[in-house]
Amino acid sequence: MSEPRAPTSTGLLEGRVALVTGASRGIGAAIARALAAEGARLVLCSPKEGGLSGTLEALALPEDRVLARACDVSQAAQVDALVAAALDRFGRVDVLVNNAGIVVRKPLAEMADLDFTRVLDVNLVGPFLLARRVVPGMIERGFGRIVNVGSISGTLGSPRMSGYCASKWGLNGLTQSLAEEL
């Protein structure tokens, strides 16, 4: 199997700042690569200190183009600190990609309260907190984009995934509400 080809850059995001949650691997790391290829300066977060080392190594961006921080997106104080660091370094956030997500697979009868609320907090409350923090600047500048990474589980129920499905259904509702409001 051949390696996927890198997208051709159009410079579409030159001068823009993009914040990507859950950027340590998988979809988040791929999003970071695509945004960097389009010229965006990046603010990347992962819940673990040092969790972004692989992404940063793969991107090989100069320090003035990337800011990496540990952030639990479900915690308002950590979100505030992340966005404050982004504004301090780059002066703006133009694109928000809410990609961070977790899943706990357990039957309802075995799902602990903390498991259920943790999934909701990361997958739904986190995007709300981040949007609430960056939207005022987007409105002020007259430009902004928010991408909430959903799942087919936001349209279909699945056994042993009640928290995840509920969070992704809620994320769809949040996304639609923000689209109407903004």
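**What V43 touches, and what follows from the cut-offs**

In this predicted model, V43 touches V17, A18, L19, V20, L67, L82, A86 and F90, leaving aside residues up to four places away in sequence.

Q: What makes V43 stand out in the largest nonpolar core?
A: V43 is one of six residues, with L19, V73, L82, L96 and L130, that touch the most other members of this 26-residue core. β1, β2, α3, α4 and α5 each supply at least two of its residues, and α4 gives the largest share, 7 residues.

Q: Which residues does the second, separate core include?
A: L35, L42, L52 and V97 are among its 17 residues.

Q: Why do we say that R16 sits over the ring of F143?
A: The distance cut-off is 6 Å from CZ of Arg to the ring centre. R16 is at 3.6 Å and lies over the face of F143, so the pair counts.

Q: What about R89 and F90?
A: R89 lies over the face of F90 at 5.8 Å, which is within 6 Å, so this one counts too.

Q: Why are β1 and β2 called paired strands?
A: Pairing takes at least two bridges, and these two have 4, in the parallel sense, so they qualify.

Q: What makes β3 and β5 edge strands?
A: The open sheet runs β3-β2-β1-β4-β5, and β3 and β5 each pair on one side only.

Technical notes. Residues are numbered from 1 along each chain as its sequence is written. This is a predicted model: local features need pLDDT of at least 70, side-chain atom pairs count only at pLDDT 80 or more; totals for chains, interfaces and linings use all residues. Side-chain values use heavy atoms; hydrogens and water are left out. A charge sits over a ring if NZ of Lys or CZ of Arg is within 6 Å of the ring centre and within 35 degrees of the ring normal. A nonpolar core is a set of buried Ala, Val, Leu, Ile, Met, Phe, Trp, Tyr and Cys residues joined through side-chain atoms within 4.5 Å. Buried means under 20% relative accessible area, exposed over 50%, partly exposed in between (1.4 Å probe, protein chains only). Contact means heavy atoms within 4.5 Å.
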